[in-house]
Amino acid sequence: MSTQKEEETEGADAPVAATEAGADGDALEALVSEHVLEREDHLNAPGFVIRADAVQDVLSTFKEEAGFDHLSCVTAEEHEDRFESIYHLRKYDDPTQEVSVIVPTSREEPVSETAEPVFRTADWHEREAHDLVGVEYDDHPNLERILLPDTWQGHPLGLDYNQDKPQIVTFEENKNPLEDHERAAGDSDTMFLNIGPHHPATHGVLHVETVLDGEQVADVNPDIGYLHRCEEQMAQNGTYRHQIMPYPDRWDYGPGGIINEWAYARAAEDLADIEVPEYAQVLRTMGSELCRIACHMLALGTFCLDIYGDFTAIFMYAMRDREVVQKLLEDLTGQRMMFNYLRLGGVVWDVPEPREEFFENVRDFLDELPERLDEYHDLITGNEIFQARTIDTGVLDAETAKNYGVTGPVARGSGVDYDVRRDDPYGYYEELDWDVVTEDGGDNYSRLLVRMREVEQSARIIEQCIDLLEDWPEDERNIQANVPRTLKPEAGKETYKTVEGAKGELGIYIRADGTEKPGRFKIRSPCFSNLSALKEMSTGEYIPDLVATLGSLDVILGEVDR
Amino acid sequence: MSSDQPRDSITGSSDPLTSTRDARMGEGVDSRFNSRLREAFGSTPFILTKFDKFMNWVRGSSMFMLQFGIACCSIEMMHTYSVKHDLDRFHAGVPRASPRQADVMIVPGTIVSKFAPRMKRVYDQMPEPKFVVNMGNCSTSGGPFQEGYNVVKGAEEVIPVDIHIPGCPPRPEALVYGVAKLQERIANGETSPVTVKPYELEEFGDLDRDEIVDKLADDIDEETLVMRYNWADSP
């Protein structure tokens, strides 16, 4: 069902796209033909294998001439005979137009050219590839480890690494970062301020190294990796059918569980050619939107915690509403946070009996929601003090946002009209009546406003899903497709699929190697890209505004570090 | 009015208490026992013999928690602090941002190699006596991520732990139960096992010898690695 729709959309959109290129592989190949070694198409996009010294040429040609302005993800992987970096490009205007640029390098000398001058977002992605797989990037501005500590030996996702062997960081290794800071050397006007990794304003274990000039932020460098719990290794060691599905719940634990599971399900279903029954798609859509409301409520509560500074009314109200959502999700899935509700080809079970009671509970929640949102607007967005703190602080303009691969409410708050649910439709979203919310401010206030208005839209979607589920004929309630007990997609099949998570575009790249476990499983986390833009947003701002900006980005460190 | 004579207002207001006390004391007791402390503590004249117990009860009944979020469990921990579950009802609900003001650390999430030393630093900054509640499977044993190359197999490798709460994540009710159990233990004067397995020493020996490892091995001061947490010996 969903795959058919995608094809239709792509077919319908192709003439509208101004360039003849689109996702038309041959036309694209003609653009960069002098660099292309061979074609290696992925399931989702045409792929071009290029020389390691032509990365910037090819990417900038695609960016400038074919309009691929979104470097969604960089995947690095090690094969028996080579290292590969794959750049997944797509367009902000139409994410169904995709192209993969594959850069192989030899095992002896895994050096390829950096893409950082073309796409700023490649900075962090390449550092991660270097950290976990061991590819070197020539001319990269700062090719250091990003997730693992500096003292780490080896590259854990490489082929010859022993993943069972633990490594540790001694207490002494983590010396006080302020100890060596020579205040007088060179620039005596600045002060180094160390925020985190244990700090109430960082929403988890984020470490922000800040250089202050008076009260203004002169430089800021987010140091991540304090929650890198090897999600990609876990997925690569699990079987497609059942063992991977519990882990996505723990990426974005906001709880965006069902949305994350859907990201994996979408990629794996594409890989194994599974059609999902329509009834299951409606259930998935409803579950996802309930999760989105819970996530946005958490973002709202903790953002106001940062702004107002204590466990005050707004935080408590947001938690109260989240309790209701979590109760509904518990009724549906059996768990408050780690749902494990989706299966490849459908969902695990239908809505709980008695159905009427569940629908009534959801309706009650939806009926009360407008009143509660009005209350929030009175308390937050209508509050002058709050406006003074958030309007025109942490500004991110649309071009910078695109350059950093920013997606989700953060991008939509900067006026980038991009939502995977609408632009690359999956599930039942296409059949439903809802709007993509955008704001033009680009500041902290706009981002909060986008989230609050998205809650209304999610409520609209849930309402329509409830109507559909109620009227669905009893003998057509098919919750799972017929999926073989063991899935073994054929070797060499590769795909990259995304869904719209609560924080932005959540993508999964899977390469099948012919066994029942993925050969490479890569997670494109929206928070990771969003957080990398922090420097652009807060340099030159006051230090309290840095905290507000961090809050409005709504990073979940489990998803940043994976 | 001198301070060794009970005021009429107090005696009058606590009349039922006083009459009960008089009944228990029997006749002929000297009136010099009547004092303000007597008013407060009832008939037992020997409050000092029970002061330790009293302090333990106070400790258990007024716990300041460290506001310490690591991973998924911290979301459930926030729910436990706020409406509906409201940990404050159980004398344990004030999250303090600074470890120097906290008595109890709830460890809500997976500990990874980069974070373990930082967590120990935070723990060291808390004033004695301090208590640790492990929330969830990750901080108990590594949980679903136990096989991860970067995951420390439980917070107990780094710091001593009083209470383990299983679950992934535990429900807020489970956390409330765990905290109540901790209060019970504190009120009875029990503490956690004192010697901690130094995770550095145990796991360091397996690594390939190369320059960095050698250097790190030389840097380890084995004295500092043996962590003993003991109320009696602590400053």
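This is a predicted model: local features need pLDDT of at least 70, side-chain atom pairs count only at pLDDT 80 or more; totals for chains, interfaces and linings use all residues.
Q: OK, how many bridges join strand 4 to strand 5 of chain A?
A: Nine bridges join them. The two strands run antiparallel.

Q: Which residue stands opposite A:R90?
A: That is A:E98, in strand 5 of chain A.

Q: And how many bridges join strand 3 of chain A to strand 4 of chain A?
A: Eight, and strand 3 and strand 4 of chain A run antiparallel. They form a hairpin, with three residues between them. Within this pair, A:C73 has A:H88 of strand 4 as its bridge partner.

Q: Is strand 4 of chain A largely enclosed or left open?
A: Largely enclosed by the rest of the structure, because eight of its nine residues are buried.

Q: Zoom out. In what order do the strands of the chain A sheet come?
A: The order is 1-2-5-4-3. Five strands form this open sheet in chain A, and the pairing is mixed.

Q: Which strands stand at the edges?
A: Strand 1 (36–39) and strand 3 (70–78) of chain A. Each has a single partner strand, so one side of each is left without a neighbour in the sheet. From one strand to the next, the twist averages 25°.

Q: What about strand 1 and strand 2 of chain A, how many bridges join them?
A: Three, and strand 1 runs antiparallel to strand 2 (residues 47–50). There, A:E38 has A:V49 in strand 2 as its bridge partner.

Q: Where does helix 3 of chain A lie?
A: Helix 3 (residues 55–65) lies across strand 2, strand 4 (82–90) and strand 5 (98–106) of chain A. It runs at about 180° to strand 5 of chain A. Helix 4 (residues 122–132) of chain A packs on the sheet too, touching strand 3 and strand 4. The direction of helix 4 makes about 10° with that of strand 3 of chain A.

Q: New topic. At what angle do helix 6 and helix 7 of chain A cross?
A: Roughly 130°. The axes of helix 6 (residues 257–272) and helix 7 (residues 278–308) of chain A come within 7 Å. That makes helix 6 of chain A oblique to helix 7 of chain A.

Q: Last one: how many residues does the contact take from chain B and chain A?
A: It takes 45 from chain B and 44 from chain A. Helix 5 of chain B gives the most to the chain B side, with six residues.

Definitions and conventions:
Residues are numbered from 1 along each chain as its sequence is written. Chains are lettered from A and ligands numbered from 1 in the order in which they are written. Axes are lines fitted to C-alpha atoms, for helices over the stretch in contact, and angles run from 0 to 180 degrees between N-to-C directions. Helices (H or I, at least four residues) and strands (E, at least two) are DSSP runs, numbered from the N terminus. Angles under 35 degrees count as roughly parallel, over 145 as roughly antiparallel, 65 to 115 as roughly perpendicular and the rest as oblique. Two residues are in contact if their C-beta atoms, placed from the backbone, lie within 7 Å. Two strands pair if DSSP finds at least two bridges between them. A residue is buried if 20 or more other C-beta atoms lie within 10 Å of its own, exposed if 12 or fewer, and partly exposed in between; C-beta atoms are placed from the backbone.
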